[in-house]
Amino acid sequence: MLKSLRTMDFKYLVEVDYETDRSGCTCEGICRCSHIENARVTEVHLDGIIRGMMNHPTTKDLRDIPTTKSKIITYGLDRILHIYKVFDPSLYDVSICGGYYGQEIGEVTLNAKVAEKVDAAAAKLLKTRNLTEAVRFLLVLEYGYLLESLNGKTFRVQKVPRESITVGRPDYYRRLDRTVVDSYKQHCLPVAVCVTQFDSDKIRYRIIDGYHRLAATEAKTVWAIIGRPRDPLQLVRKRK
Ligand SMILES: [Zn+2]
């Protein structure tokens with residue numbers, strides 16, 4: 001069971017900035033009349049939100065690679081949070097409350113419609129039975145359909161040389177949104193979903209999802225989710 005984003009307080013999962021107004025202050029000693037102005041979220045920590053949803057006490061799970069159910073869920077939640085742009089600071093509301101020393105930051109909440117969509121998608125993710133089902137669900141959620149080249153593929157997490165990943169749309173790759181790329185800087189989950197293909201006897205992995213994540217990493221080898229035909233002979237046949 002995952003925690004709902006609708007009822008979550010994001011106060012310690014985001015960075016909040018604000019200005020303090022003390023005009024007309026007549027307090028003696030410590031000021032107790034300060035007013036908070038322009039309170040806003042400036043940065044969102046998605047890994048913290050994932051831990052909050054999963055009730056994980058440490059970051060250890062995020063550093064490992066998803067092979068077990070909980071790791072698949074970790075990967076899936078990260079995808080869902082990106083699909084609904086939960087990293088966007090403008091989606092949050094910061095409430096102000098009265099404190100002993102004047103106003104203080106109260107609860108930070110996520111836009112209710114976005115929270116509802118994330119909760120619904122997360123509940124469906126939880127019902128998938130393996131990585132292949134989870135990957136198919138996530139791709140349909142993001143793009144609305146599943147590429148024909150993914151039919152009959154099973155997915156596995158695998159470490160591959162970065163240079164073996166081929167990019168089908170280089171122009172698109174060059175025009176990536178930098179804020180999205182930056183949101184993956186601390187990323188330690190699989191960076192891309194690829195399908196195997198043979199290119200003059202060398203195995204290549206054609207990327208179908210994760211352009212931003214691939215662009216954000218500088219590693220020589222990366223964890224990727226690789227789709228292969230269910231029947232391994234199919235690969236050999238294609239090779240001939
Ligand atoms: Zn004062």
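**Briefing on a predicted protein model**

The protein contains nine helices and nine strands; helices (H or I, at least four residues) and strands (E, at least two) are DSSP runs, numbered from the N terminus. This is a predicted model, in which local features need pLDDT of at least 70, side-chain atom pairs count only at pLDDT 80 or more, and totals for chains, interfaces and linings use all residues. Residues are numbered from 1 along each chain as its sequence is written. Of the 240 residues in the protein, 26% are buried. A residue is buried if 20 or more other C-beta atoms lie within 10 Å of its own, exposed if 12 or fewer, and partly exposed in between, with C-beta atoms placed from the backbone.

**Contacts across the chain**

- Among contacts with a separation of 6 or more, 70% are between residues 24 or more positions apart; two residues are in contact if their C-beta atoms, placed from the backbone, lie within 7 Å.

**Helix 1 and helix 3**

- Two packed helices are described by the angle between their axes and the distance between the axes.
- Helix 1 (residues 46-54) packs with helix 3 (residues 69-83) at an angle of about 125°, and their axes are 10 Å apart. Axes are lines fitted to C-alpha atoms, for helices over the stretch in contact, and angles run from 0 to 180 degrees between N-to-C directions.
- From L46, I49, I50, M53 and M54 in helix 1, contacts are made with I73, T74, L77, D78 and L81 in helix 3.
- By class, this contact of helix 1 with helix 3 has eight nonpolar residues, one polar and one charged. Ala, Val, Leu, Ile, Met, Phe, Trp, Tyr, Cys and Pro count as nonpolar, Asp, Glu, Lys and Arg as charged, and the others, Gly among them, as polar.

- An open sheet with mixed pairing is formed by five strands in the order 5-9-7-8-6; two strands pair if DSSP finds at least two bridges between them.
- Its edge strands, strand 5 (153-161) and strand 6 (165-166), each pair on one side only.
- Strand 5 and strand 9 (residues 221-229) run antiparallel and are joined by nine bridges.
- V160 stands opposite V222 in strand 9.
- Helix 5 (residues 131-143) packs on the sheet and touches strand 5, strand 7 (192-199), strand 8 (202-209) and strand 9. The direction of helix 5 makes about 90° with that of strand 5.

**Two buried residues**

- A122 lies in helix 4 (residues 112-127) and is buried, with 21 other C-beta atoms within 10 Å.
- Not counting residues up to four places away in sequence, A122 touches L2, M53, L77 and I80.
- A122 and M1 are 121 residues apart along the chain, yet their C-alpha atoms are separated by 9.8 Å.
- Y211 belongs to helix 8 (residues 211-216) and counts as buried, with 21 C-beta neighbours inside 10 Å.
- From C-alpha to C-alpha, Y211 and V181 are 8.7 Å apart in space, and they are 30 residues apart in sequence.

**Residues with positive phi**

- Most residues other than glycine have a negative phi.
- N38, which is not a glycine, has a positive phi of about 55°. N38 is found in strand 2 (residues 35-44) and counts as exposed, with 10 C-beta neighbours inside 10 Å.
- K85, also a residue other than glycine, has a positive phi near 55°. K85 lies in the loop between helix 3 and strand 3 (92-99) and is partly exposed, with 15 other C-beta atoms within 10 Å.
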